[in-house]
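Please look at the structure below with this briefing beside you.

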Amino acid sequence: MTSSARPFVNRRLAEFGTTIFAEMSALAVRTGAINLGQGFPDTDGPEEVREAAVRALRDGRGNQYPPGPGVAELRTAIAGHQRRWYGLTYDPDTEVLVTAGATEAVAAALLALVEPGDEVIALEPYYDSYAACIAMAGGTRVPVTLRPHEGAFRLDLDELRDAVTDRTRLLLLNTPHNPTGTVLTREELTAVAELAVERDLLVVTDEVYEHLVFDDAEHVPLATLPGMRERTVSIGSAGKTYSFTGWKVGWVTAAPGLVAAVRSAKQFLTYVSAGPFQYAVAEALALPDSYFTAYRADLRAKRDLLSAGLQEAGFAVFRPAGTYFVTTDIRPLGVSDGFAFCRALPERAGVVAVPNAVFYDHPEAGAPFVRFAFCKRTTVLEEAVRRLKTLAG
């Protein structure tokens, strides 16, 4: 049998191959290097939340298909979370949707809300699934680049405004921002909100790192700003907040019409998922403030440990205001190709990182930047720092 010369992947996805996370994680396994590339914790979350999942399994809750919108207990808990932390009131029955992680929520939102040819503005660098989801929806992505300024990556509001055209349908925002660690300020988000209202744009906000903000940074949900609740699809997730990334429990909160639209796409993706874990996450969302305070403090200490070690190793470090990633500039080490640097780093220093260039439409803009994850045990980070310091020699 002869193979067809026609490519199997359709042209919308032809540019997307194996993700950088799969490549670098495989490299970590092959070399025995410490994996600070992919953003997953190396310890599990709260014991009481794990036990809640075990209890749900044993009680037979969620072992069969859960309801399409998500179990009632979790939808009620999500609505309670939004009210508790942000004063946002959502109807659990019509304004909350449970998804298979935030990745599915982004995909379903874009598939539901974007028509072929619509322009979608995203803040570059962006999580790699954004580009793929825009492509699957038939949209045209328009990057607005966060640029280094005074030790952080900042949004140029004039550039954002100039990017909006008559074909712009939707803004796709991520704050706290992966990979740069930037947290958009209230002033920046107010300007975004005014632009969205003025140009009648929908906004999808990926807020999975909402509880991972440090120092004086503040997470401000866009939906809390004037005119935005009815045009914003807010996305959250349990994976980052509770260190259960494998459970893949995410959610959408939005006005009824927007939730109905997202659900129309989501039902033909996974339909439902994570039955028993949904009950456990419902309990997790009710944990006391002390849990969130302690979690942030632990990650802040790890951020400081890794950031200081990277500086001593010779990197220029962009100290993150949120998330659990730190972006570095490798040019002080005498190199500028992040891909080559990251592919050589496991052999040179026994550590894996990710080149930020993969998060850019124009890779040259991100060529000298490399991302490290600090959501690891302190002993692991200490050993990684010890290894990385050999670069300074």
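**Strands, helices and salt bridges**

Aspartate 206 has isoleucine 235 of strand 9 standing opposite, where strands (E, at least two residues) and helices (H or I, at least four residues) are DSSP runs numbered from the N terminus. This is a predicted model, in which local features need pLDDT of at least 70 and side-chain atom pairs count only at pLDDT 80 or more, whereas totals for chains, interfaces and linings use all residues. Residues are numbered from 1 along each chain as its sequence is written, and side-chain values use heavy atoms, with hydrogens and water left out.

- Strands of a sheet pair through backbone hydrogen bonds, either parallel or antiparallel, and two strands are said to pair here if DSSP finds at least two bridges between them.
- Strand 8 (residues 202-206) pairs with strand 7 in the parallel sense over 5 bridges, and strand 8 also pairs with strand 9 in the parallel sense, over 4 bridges.
- Within strand 8, valine 203 is the bridge partner of leucine 171, and aspartate 206 is the bridge partner of asparagine 174.
- From strand 7 the chain crosses through helix 7 (residues 186-199) to strand 8, and this β-α-β crossover is right-handed, a term which says that, with the strands pointing away from the viewer, the path from the first strand over the helix to the second runs clockwise.
- Strand 7 also pairs with strand 3 (residues 119-124) in the parallel sense, over 4 bridges, and in this pairing isoleucine 121 stands opposite leucine 171 of strand 7.
- In strand 7 (residues 168-174), 6 of the 7 residues are buried, so this strand is largely enclosed by the rest of the structure; buried means under 20% relative accessible area, exposed means over 50%, and partly exposed lies in between (1.4 Å probe, protein chains only).
- Strand 8 is likewise largely enclosed by the rest of the structure, because 5 of its 5 residues are buried.
- In a regular strand the side chains alternate between the two faces of the sheet.
- In strand 8, Leu202, Val204 and Asp206 point one way while Val203 and Thr205 point the other way, and all are buried.

- An open sheet of 4 strands has the order 11-12-15-14, and its pairing is antiparallel.
- Strand 11 (316-318) and strand 14 (354-355) stand at the edges of this sheet with a single partner strand each, so one side of each is left without a neighbour in the sheet.
- Strand 14 and strand 15 (residues 369-373) run antiparallel and are joined by 2 bridges, with proline 355 opposite valine 370 in strand 15.

**Two residues of helix 4**

- Alanine 102 lies in helix 4 (residues 101-113) and counts as buried, because its relative accessibility is 11%.
- Leaving out residues up to four places away in sequence, alanine 102 touches Val208, Ile235, Gly236, Ser237 and Gly250, where contact means heavy atoms within 4.5 Å.
- Leucine 111 also has its place in helix 4, but this residue is partly exposed, with a relative accessible area of 34%.

**Salt bridges**

- Side chains of opposite charge can pair when their charged atoms come close.
- The structure holds 25 salt bridges, each being a side-chain nitrogen of Lys or Arg within 4 Å of a carboxyl oxygen of Asp or Glu.
- One of them joins aspartate 289 to arginine 84, with the closest N and O atoms 2.6 Å apart.
- Because aspartate 289 lies in helix 11 (residues 289-312) and arginine 84 in helix 3 (residues 72-86), this pair ties together parts that are 205 residues apart in sequence.
- Arginine 186 forms a salt bridge with glutamate 218, the closest N and O atoms being 2.9 Å apart.
- Arginine 186 lies in helix 7 and glutamate 218 in the loop between strand 8 and strand 9 (232-237), so the pair ties together parts that are 32 residues apart in sequence.
- Glutamate 383 and arginine 387 meet in a salt bridge through their side chains (2.9 Å, N to O), and both lie in helix 14 (residues 378-388), 4 residues apart, which is about one turn of the helix.
- A network of salt bridges links Asp215, Arg303, Asp304 and Arg319.
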